[in-house]
Amino acid sequence: MSENRFLVPEPLGKLLSLLPAYPGSLLFATGLNLALKSDLPEDVQQSLNGKRLRISVTDARLSFDFTWQNGRFAPCARQAEPDLTIGACAYDFMLLARREEDPDTLFFSRRLSMEGDTELGLLVKNTLDAIELPVFELGKLAPARVLGRIRPGGRGQA
């Protein structure tokens, strides 16, 4: 599958790197809260409390900084080094979200990196593996489907 990997073109990555970091981190943390917050076991919440995490989309040159505090994911300003950075290209993150690729496979093929607190990295990986998440389907974000869910009289279906 690696021969057919899509990478964000370098000029687009350069352009994306000019975007301010905080709005993206706010959107990312909001998405995490919607997808994961209610499924995190209490012991995981305690272990994550106050830890700074960063997701780095290497080819798009985007990073999302966040922490777990007060029972939710919250965005962080990019000031201090995070406790854990997880990095991969956008395509590999999509494969992970769609559960088409295993994180261990990507890690050992050097397509997924983890830097910082390795114990925290294993906690994050094992927690995500244990949670039954719906498979991420990009088609559900098609404009017509999204508008159909939010406009008055829409069916509310995806």
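Trainee: Which helix and which strand each supply at least two residues of the lining of the second largest pocket?
Mentor: This is a predicted model, in which local features need pLDDT of at least 70 and side-chain atom pairs count only at pLDDT 80 or more, while totals for chains, interfaces and linings use all residues. Residues are numbered from 1 along each chain as its sequence is written, and side-chain values use heavy atoms, with hydrogens and water left out. On a 1 Å grid over the protein atoms alone, a pocket is an open set of points where a 1.4 Å probe fits, with protein on both sides within 12 Å along at least five of seven lines, and lining residues have an atom within 4 Å of a point. With helices (H or I, at least four residues) and strands (E, at least two) taken as DSSP runs numbered from the N terminus, the elements in question are helix 2 and strand 2.

Trainee: What is the volume of the second largest pocket?
Mentor: Grid points are joined across faces, edges and corners, and a volume is the space filled by probe spheres set on the points. For the second largest pocket, this is about 200 Å³.

Trainee: How many residues of its lining are nonpolar?
Mentor: The lining includes Leu16, Pro20, Phe64 and Arg78. Ala, Val, Leu, Ile, Met, Phe, Trp, Tyr, Cys and Pro count as nonpolar, Asp, Glu, Lys and Arg as charged, and the others, Gly among them, as polar. Besides three polar and two charged residues, the nonpolar ones number seven.

Trainee: Which residue of strand 4 is the bridge partner of Val57?
Mentor: Strands pair if DSSP finds at least two bridges between them. Strand 1 is joined to strand 2 by six antiparallel bridges, and there Val57 has Leu62 as its partner. Strand 1 also pairs with strand 4, in the parallel sense over five bridges. On that side, the partner of Val57 is Ala88.

Trainee: Is Asn70 buried or exposed?
Mentor: Asn70 lies in the loop between strand 2 and strand 3, and its phi is near 55 degrees, a positive value in a residue other than glycine. Buried means under 20% relative accessible area, exposed over 50%, and partly exposed in between, with a 1.4 Å probe and protein chains only. Because its relative accessible area is 72%, Asn70 is exposed.

Trainee: What is the phi of Arg99?
Mentor: Most residues other than glycine have a negative phi. Arg99, in the loop between helix 4 (90-97) and helix 5 (103-108), is partly exposed at 40%. Although Arg99 is not a glycine, its phi is positive, at about 60 degrees.

Trainee: How far apart in space are Gln69 and Gln45?
Mentor: Gln69 is found in strand 2 and is partly exposed at 36% relative accessibility. Beyond four places in sequence, Gln69 touches Asn49 and Ala74. Gln45 is 24 residues away in sequence, and the C-alpha to C-alpha distance is 8.7 Å.

Conventions
Contact means heavy atoms within 4.5 Å.
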